[in-house]
Amino acid sequence: MRDPYTVLGVGKSASEAEIKRAYRKLAKTYHPDQNADDPTAKERFSEASQAYEILGDKEKRAQFDRGEIDAEGKPRFQAHGFDGFADSDIFRQARGFGGAQGGAGGFDDILNDILGGFGGRGRGGGFGGGAGAQGAGFGAGGGRTARPRRGEDVKITAQVTLEQLVHEGKARVTLPSGKSVDVKLPAGTTDGEKIRLRGQGHPGENHAPAGDAIVEVRLARHPLFTPSGDDLKLDLPITLYEAVLEEKVRVPTLDGAINLKISNAAASGKTMRLKGKGLPNKNGGRGDLLIAPRIVLPEDGDEELQTLMRAWKELRPYRPRGPEFS
């Protein structure tokens, strides 16, 4: 085992924060689960962990600096005999009484923080498989035994068109793995609704299950229709003569355009309703299409229309019913 200061790349005067930062960086770089294709990563990670086991604990660091323990935490032979170090942290751990709390607990804090749960407690703890210091145990390869940890959930936003809700009932999303899948959109799906895909999130650690993918549905803005629950609203521009003559006009729907007769009541502001032309609902049916006709006059004026309206005004003066204005 190399000198722990050399392993972590810090000087002997390094502060606790500097030592912790150095270990963080190495743990993140060389953790085996992050370097499956690098056979040397496990060794480098184990070496860094052992170095932090010494330098991350005040008492053990002081013992190492005084020459009482070596780079592996083993007691060095002292001239005053065995009793001089029989009650050291290392020997108390080996006998099962537990050692200082600082070192092992520091591993859990750092590894959980960096890698989301790496560095869990081994079954035996300590060095000899007995009840040692609280903290992670060592595996057969000298590294920390990481406990299983469920993968993190991932949030995905799916932009869904009204046509997809009506005709396809699904939306395609890309998972963290890079794979694209089709997500079923249940009848009655609304804007902001969340759909959970079990086991499609980030992978778990040490054979733990993967997290879930949480798909949030966002309805894309439509150029014609505005959702209102399972109904759709449509502003329908019509000409003056279509309103006056109650003619049929082409009305767009999500199922294709249809011919619809414009009534005088509708032209006067009453909403027209087309049954079953809205969005799917949770009852297995569909909402309605609510049509609000809106008379549109020529933007640049129309001299013939103005002449016609003057003649009509002279022949048949008309005022809509309502409150009288002075």
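## How two helices meet

How do H3 and H4 stand to each other, roughly parallel or roughly perpendicular? In this predicted model, the axes of helix H3, residues 41-55, and helix H4, residues 58-65, cross at roughly 95°. The axes come within 6 Å. Angles of 65 to 115 degrees count as roughly perpendicular, and H3 and H4 are therefore roughly perpendicular to each other. Two packed helices are described by the angle between their axes and the distance between the axes.

On the H3 side, the contact is made by Glu 53, Ile 54 and Leu 55. On the H4 side, Lys 60, Arg 61 and Phe 64 take part. Sorted by class, the contact of H3 with H4 has three nonpolar and three charged residues, and no polar ones.

## The chain as a whole

The chain has 10 helices and 11 strands. Of its 326 residues, 39% are buried. Taking the contacts between residues at least 6 apart in sequence, 52% join residues at least 24 apart.

## An open sheet of three strands

Three strands form an open sheet, and their order is E1-E5-E4. The pairing in this sheet is mixed. Strand E1 (154-160) and strand E4 (194-197) each have a single partner strand and stand at the edges, so one side of each is left without a neighbour in the sheet. On average, and with direction ignored, neighbouring strands of this sheet are turned by 30° against each other.

Strand E5 covers residues 213-219 and pairs with E1 in the parallel sense. Seven bridges make up the pairing of E1 and E5. Ala 158 stands opposite Val 217 in E5.

## Two hairpins

Strand E2 (residues 170-174) and strand E3 (residues 180-184) run antiparallel and are joined by five bridges. Val 173 has Val 181 in E3 as its bridge partner. E2 and E3 form a hairpin with five residues between them. In the turn, Gly 178 has a positive phi of about 95°.

Strand E8 (residues 248-251) and strand E9 (residues 258-261) run antiparallel, and four bridges join them. The bridge partner of Arg 250 is Asn 259 in E9.

## Nonpolar cores

Which residues have the most contacts inside the largest nonpolar core? They are Val 160, Leu 197, Val 215 and Ile 291, in a core of 36 residues. Leu 197 is in contact with Leu 175, Val 181, Val 183, Asp 212, Ala 213 and Val 215, leaving aside its neighbours within four places in sequence. A second, separate core has 20 residues, including Leu 8, Val 10, Ile 19 and Ile 69.

Val 7 is found in helix H1, which covers residues 4-8. Is Val 7 buried or exposed? Residues under 20% relative accessible area count as buried; the relative accessible area of Val 7 is 9%, so Val 7 is buried.

Not counting residues up to four places away in sequence, Val 7 touches Met 1, Arg 2, Leu 26, Glu 47, Ala 48 and Ala 51. Val 7 and Ala 22 are 15 residues apart in sequence, and their C-alpha atoms are 9.5 Å apart in space.

## Two loop residues with positive phi

His 207 is found in the loop between E4 and E5. Phi of His 207 is near 70°, a positive value in a residue other than glycine. Exposed means over 50% relative accessible area; His 207 is at 85% relative accessibility and therefore counts as exposed.

Where is Glu 246 placed? Glu 246 is in the loop between helix H8 (240-244) and E8. Although Glu 246 is not a glycine, its phi is positive, at about 50°. Glu 246 has a relative accessibility of 29%, so this residue counts as partly exposed.

Conventions. Residues numbered from 1 in each chain as written. Predicted model: local features only at pLDDT ≥ 70, side-chain atom pairs only at ≥ 80, totals over all residues. Heavy atoms only, no water. Pairing = 2+ DSSP bridges. Axes fitted to C-alpha atoms, helices over the stretch in contact; angles between N-to-C directions. Parallel < 35°, antiparallel > 145°, perpendicular 65-115°, else oblique. Contact = heavy atoms within 4.5 Å. Nonpolar A, V, L, I, M, F, W, Y, C, P; charged D, E, K, R; others polar. Core = buried A, V, L, I, M, F, W, Y, C linked by side-chain atoms within 4.5 Å. Buried < 20%, exposed > 50% of the residue type's maximum accessible area, 1.4 Å probe, protein only.
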